[in-house]
Amino acid sequence: MRKYLIVLFLFAAHTQALLAQLAGTPPNGPVSMSLGGVSSPIGNSWSIFNNPAGLAYLNGADAIFGYQTIFDYSPFNTVTAAVNYPTEFATASFGVYRFGDELFNSAMASLGLAKKIGIMSLGIKADYLQYNIDGFGKKAVFVAEMGGIATLTPHLTFGMHLYNFTQAVISDATGEKVPVIIRLSMKYKAAENLALYLEGEKDIDLDADVKFGLAYAIIEALELRTGFSTTTNRMTFGAGFNVKQFTIDYGLRSNPSLGATHNFGLTYRFTR
């Protein structure tokens, strides 16, 4: 009975977050979610799950843990974790995530590397993606990503991220592929405490998505965020709070008919 309920739920669930998780695309994390899904121009601790070039912006080693729940339904929950370590040569990162339950789940282990060269930050990432369907077995593929972030002025930044540029195939028999996704974006820092974001995303097999985001720091330790996605036609909201060596982030995407998507994140910096 539970299998039929899940199938029906999947047909009813027309949200980008759920479809992306089923396809094997990593969750963006709470910061990106709260900005309408904008991810490629952002450099932070969650960049291992977004544009790997953003890892070059980290100043110290840290660890992150994330939890995402979709529609408050446990089979659609996602757990993420990563460790980021900057060196003199480049910033290295290792991250993992798992989506689903014993009936259906996907899991990914990622190794990323990023380096800043002048106004450019370049990043590359290798993923090991595994699908598991109860009664059908497991299937694993390798996925490659690359990205870049260019800081043209103190106020203007451009980002580019290409997911699965190797066009990994899940099944040769059916021709099912891991999504190939291109993201182009811009970040404009309108004031010291205000940033505006714009991103275009194109899955080569789906319609384009245009996303908007806004972040406003009320005080140095507290930032409020909001955004909008044209594909989901939903507003998003969130906040980030810094306290000593910790950062707590939260993102929310509402869906009146099915329920909300919540994304929680915790960052721990090993040095102050």
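Q: Why is glutamate 223 called partly exposed?
A: Its relative accessible area is 27%. Buried means under 20% and exposed means over 50%, with partly exposed in between (1.4 Å probe, protein chains only). So glutamate 223, at 27%, counts as partly exposed.

Q: What kind of model do these values come from?
A: A predicted one, where local features need pLDDT of at least 70, side-chain atom pairs count only at pLDDT 80 or more, and totals for chains, interfaces and linings use all residues. Residues are numbered from 1 along each chain as its sequence is written, and side-chain values use heavy atoms, with hydrogens and water left out.

Q: What makes arginine 225 count as buried?
A: Arginine 225 has 10% relative accessibility, which is under 20%, so it counts as buried.

Q: How do you know that glutamate 223 and arginine 225 form a salt bridge?
A: A salt bridge needs a side-chain nitrogen of Lys or Arg within 4 Å of a carboxyl oxygen of Asp or Glu. For glutamate 223 and arginine 225, the closest N and O atoms are 2.8 Å apart, so the pair passes. The structure holds eight salt bridges.

Q: Why does the pair of aspartate 127 and lysine 125 count as a salt bridge?
A: Their closest N and O atoms are 3.9 Å apart, and that is within 4 Å, so the pair counts. Both aspartate 127 and lysine 125 are buried.

Q: What makes glutamate 199 and lysine 211 a link between distant parts of the chain?
A: They form a salt bridge, with the closest N and O atoms 2.8 Å apart. Glutamate 199 sits in strand S11 (residues 194-203) and lysine 211 in strand S12 (residues 209-219), twelve residues apart. Strands here are DSSP runs (E, at least two residues), numbered from the N terminus.

Q: Why is lysine 244 called exposed?
A: Lysine 244 has a relative accessible area of 71%, which is over 50%, so it's exposed. Lysine 244 lies in the loop between S14 and strand S15 (246-253), and has a positive phi of about 55 degrees although it is not a glycine.

Definitions and conventions. Helix = DSSP H or I, 4+ residues; strand = E, 2+ residues; numbered from the N terminus.
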